[in-house]
Amino acid sequence: MEAGGLPAELWQLILCYLRLPDLGRCSLVCRAWHELVLSLDKTRWRQLCLGCLQHRHPNWPNRPGVEPPSWREAFKQHYLASKTWTKNTQDLDSTNCLSLFRRRKGRRWLRVGAGGEFGSLRAALAAASPYDRLVLLPGVHEEPSELPLRVPVEVVGQGRLGEVALLVSIDQHCPTARLCNVVFMPARFTSVLYKTTSGYVQFDNCSFESGQLQIQAPGTCQVKFCTFSQSSIHLRSVALCVLENCEFTGSENASVTVEGCPSSDRNWACKHLAMLAKSRAASVCEPDPAGCPTAKRDGWGESLLASVRSCEIVVGEERSNLLSPAAAEALLGAAQEDTEFGDNLQAAKEEEEEEEEYPALSSNSSDSDLGSGDEEEAQAVYKLPCPAHSLSHTLADIMDSRLQSSRLHTLQRDLKLKSLQQELQQDKEAQSLANSLQGCVIRQCLFRDGKGGIFIYSRGEAKLEGSIFRDLTYAVRCVQNSKVLYFSSSLQVIMLRNDVHHCKASGIFLRLSAGGLIADNNIHSNCEAGVDIRKGANPLVLCNKIHSGLRSGIVVVGNGKGIIRSNQIYGNKEAGIYILYNGNPAVSGNHIFQGLAAGIAVNENGRGQITGNIICENQWGGADIRHGGDPVFRNNLISCGYSDGVVVGEHGRGLVEGNAIYGNKGCGVWMTSSSLPHLINNQISHNSIYGVAVFCHKDNAGDYPPSQGSSETFQEEREGAGGENDPDSEEEYPAAQHPISVALVELNSISHNGAAGLHVKSSEALNIVANVIHANHDGGVLVVQSGRLTRIANNSISCNSQGGVLVEAECQVELRGNGIYENSGHGVISKGEGVVAENDIIGNRRCGLQLLQAADMKVTKNRIQSFRDYGIALFDEAKGLVQENLIFQGRSKKWILRPVSNAEDCVIQNNVLVTLKKRFDTECMLINPPARPHFEGGALLSCTTAAGPRVSSISSRVDGGCHNHGSIFCTIL
């Protein structure tokens, strides 16, 4: 633009010297001048905004080095907010325009102090008219007694903040007032600096030292750009008040206390405050990509599908591996070494077996006559064809050593981390909470170096947005008054985009029916839990980053509830989520990773619905259940942990269903014999040790360092845990009404694990039903100890590197209806007692069934075929009954091997021998009945019982390896 021959740059330079009213007039000349005035945002508008003594930098105190998007818009907001107190026109009968004109025309400036018209503030107030401005000259102004404020006036300190100090206690009785640029200090007779019970008061750029503001409904307030040093605000039943850009330091108690339900009796200022708050509401923003190591991921790479222990999890729309390239390469090398070691070991074992020259009656006898060159051809000739059994479709999906691709794609689709905007669009209740404006609204404030931040009780309500809480004892504490515990309404806190860190206790503490919304906050480095939910508290916890805590990320205790969804919980020293004493939250869609303890721990009768989470790379178990914990773990991804995938410890219970448990350095599932879990329909694969391990293990408090114990006790919740549970929670949690009496491992796919698929060393009964146990690097099922009956029924046990089933001495086992196919060792080896009935033991490299030592088994109605060895072999003092079995002869022409010494103790009768030829008819096929496992009935049934509670506290251990009687796991004592 050019006018009078001047370019636009010179006009901008000239306009930079104009005052605010002149800039407004210039912008009204024409569109070109309007755009010219707007172009002064980084120059003149910035000078006006920073040069005003009534407010500070728009991003003070949290981000004073960050410029606002528009200095003009920031100045406009400050100016409009500073005029809120003048909008009370109830005492004027004229229109709004005339009322503004009348106020301005009759308004006076009264100077108070040395050199002014009045020597004291009390004298000036006595002579003031409505809406006059009282200017306090530099110095200290002290009033010896409480000062009533009956006339709406504006009290402004002259000069910079700190040059005017006011030692006074003011009691407001007028409808409106404003105080600006003043340092408030307590009078000698009281610590109350200012109080109002009916009117509206506005504080701009003030400082409060060692005192308290008291606002009681229907009174309200607006506080902006103020500093509170060892001072606090107490709000009682206030309908709406706004605190913005304030700094609170050194408080001995809570900096802001919100008491009582917001009053329905609202004064004139509430509607103006609501409009102001809505205009300043920040838009919902996406998580900061730099704030979390998982922020650049959109899916899993192909390496996840193989046995290499790397993991990628979903956050947003980009992708990055959890492991650094060097770490991933190291893990890949380790995996290759493990594979080579396993292959070499297997080859060595096979070579030893070929070279052994045991006599014909040796328990390790093999058919060494076969040449290696024609072995594959011969085995193909004598291979027994069997139609697909009822679990073969599951077996086919894992034949390529990978997870089922369809299941992975489902997990990939369902477990993406949602943004807050997506959550609010899908959850109307959360959206309503995020948009609500009631009680105390706190924005862009800084709370530091004191005891407490916000204390809310007795059905109070507060909304905290964009604030920072650091170096406090606690940031936010919501406690419902016990007298109103049974009321239908409860207190609530709404926290959006706050930063809570380095608190000496829990960052956010909710109890006694507290509720609300905690969303998109960064909660980290706190000494206790990031979020502590107790005693009926029921908040929505969405899309937060909860990390680097010295204790757990989230604790749900003592009938606490809540919905915990779409959070990133990582790097905490103890469990990412810790549930105990009847805590019963709904935990879904979270990413819980890289913790120094368990991902999720459920202890002391804790419960919960834990679904659709990604739990990976934790130092202890991905999920840890013990001491009466009874959760539902469903459709979670538990992978790449440095210990076991799922740990079910002493007296643990619960339903573990539909989870993908793979790539963990320990076992897939580790459980003690005293636990009663129900493992159903899980994918358990590529774990470094056992797929599922059951041990007789007792937790020992002396094994763990006391430094890991809790400095915060749960004594109150422990005492209340024995009482009645919340009746509503029983309806929400049907599994709690139907516990099982025998641990049940059912319909799982257990494959490609580093040791046996299922290892049992138990003193209690165990049911292993309808699982696919395939291609594990040791045997399929190993029963090392079984004090009570272990029932192994209707399983498909195939292609394992050692034998199909091994039963050690003095074990009680019922082996019924299983398909034991093509294992590299013996089909079944038993040294114990029990029943082997109605199984298909086909195509194993060694004996079909071998009874050793003092075995006492009833072997009936099995179909057995061995390619290289005997169908059934009995050694040592083995005894029992072998009858009505169908035995197919392989290339070795061997049938039943029976020692003469125990002929009286071992009855062999009514067995049928079928000789296979190169071409055989359909009578030799497994068609009547069909190939096992085969189901003719309905769903499998399970019994129920409950385990007793046990009092505990947290302790920890991380072992460097595995031993025979334990596991690498997280322990909660």
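S458 is found in the loop between β21 (446-457) and β22 (461-465), where helices and strands are DSSP runs numbered from the N terminus, a helix being H or I over at least four residues and a strand being E over at least two. Although S458 is not a glycine, its phi is positive, at about 55°, and with a relative accessible area of 18% the residue is buried, a class that means under 20% relative accessible area, whereas exposed means over 50% and partly exposed lies in between (1.4 Å probe, protein chains only). N245, likewise not a glycine, has a positive phi near 50°; N245 sits in the loop between β17 (240-244) and β18 (247-249) and is buried, with a relative accessible area of 0%. Most residues other than glycine have a negative phi, and most peptide bonds are trans.

The model is a predicted one, in which local features need pLDDT of at least 70 and side-chain atom pairs count only at pLDDT 80 or more, while totals for chains, interfaces and linings use all residues. Residues are numbered from 1 along each chain as its sequence is written, and side-chain values use heavy atoms, with hydrogens and water left out.

Two peptide bonds can be taken up next. The bond from A217 to P218 is cis, with omega near 5°, and P218 lies in the loop between β13 (212-216) and β14 (220-224). A cis bond also joins R932 and P933, with omega about 0°; P933 belongs to the segment after β73 (912-915).

For the chain as a whole, the secondary structure comes to 16 helices and 73 strands, and buried residues make up 57% of the 973 residues. Of the contacts (heavy atoms within 4.5 Å) between residues at least 6 apart in sequence, 55% join residues at least 24 apart. The accessible surface, computed by the Shrake-Rupley method with a 1.4 Å probe and, for residues, with only the protein chains shown counting as cover, comes to about 38,900 Å², of which 50% belongs to carbon and sulfur atoms.

Turning to the helices, the buried residues of α1 are A8, W11 and L15. Seen down the axis of α1, these residues fall within an arc of 60°, so they line one face of the helix, the arc being that of the directions from the helix axis to the C-beta atoms. They pack against α2, α3 and α4. In helix α3 (residues 31-38) the buried residues are W33, L36 and V37; they cover an arc of only 100° around the axis, which puts them on the same side of α3. Their packing partners are α1 (8-15), α2 (20-27) and α4 (44-51). L10, also in helix α1, counts as partly exposed at 38% relative accessibility, and together with L13 and Y17 it makes a nonpolar surface patch of about 350 Å². Such patches are made of residues with over 30% relative accessible area and no salt bridge, like charges being joined within 9 Å and nonpolar side chains (Val, Leu, Ile, Met, Phe, Trp, Tyr) within 5 Å.

The structure holds 0 disulfides, a disulfide being a pair of cysteine sulfur atoms within 2.5 Å. C226 is in no disulfide, and the nearest cysteine sulfur, that of C206, is 4.7 Å away; C226 counts as buried at 0% relative accessibility.

Salt bridges, each a side-chain nitrogen of Lys or Arg within 4 Å of a carboxyl oxygen of Asp or Glu, come to a count of 32. One of them pairs R108 with D132 at 3.1 Å, N to O, and it links distant parts of the chain, with R108 in the loop between α6 (96-106) and β1 (109-112) and D132 in the loop between α7 (121-127) and β2 (133-136), 24 residues apart. Here R108 counts as partly exposed at 35% relative accessibility, whereas D132 counts as buried at 0%. Another bridge joins E154 and R178 at 2.2 Å, N to O; E154 is in strand β5 (residues 154-157) and R178 in strand β8 (residues 176-180), 24 residues apart. E154 counts as buried at 2% relative accessibility, and R178 is buried with a relative accessible area of 1%.

The side chains of D869 and R846 also meet in a salt bridge, at 4.0 Å, N to O. D869 lies in the loop between β67 (863-866) and β68 (872-874) and R846 in the loop between β64 (840-844) and β65 (849-851), so the pair ties together parts that are 23 residues apart in sequence. Both D869 and R846 are buried. Finally, salt bridges that share partners join R107, R133, E154, R178 and D204 into one network.
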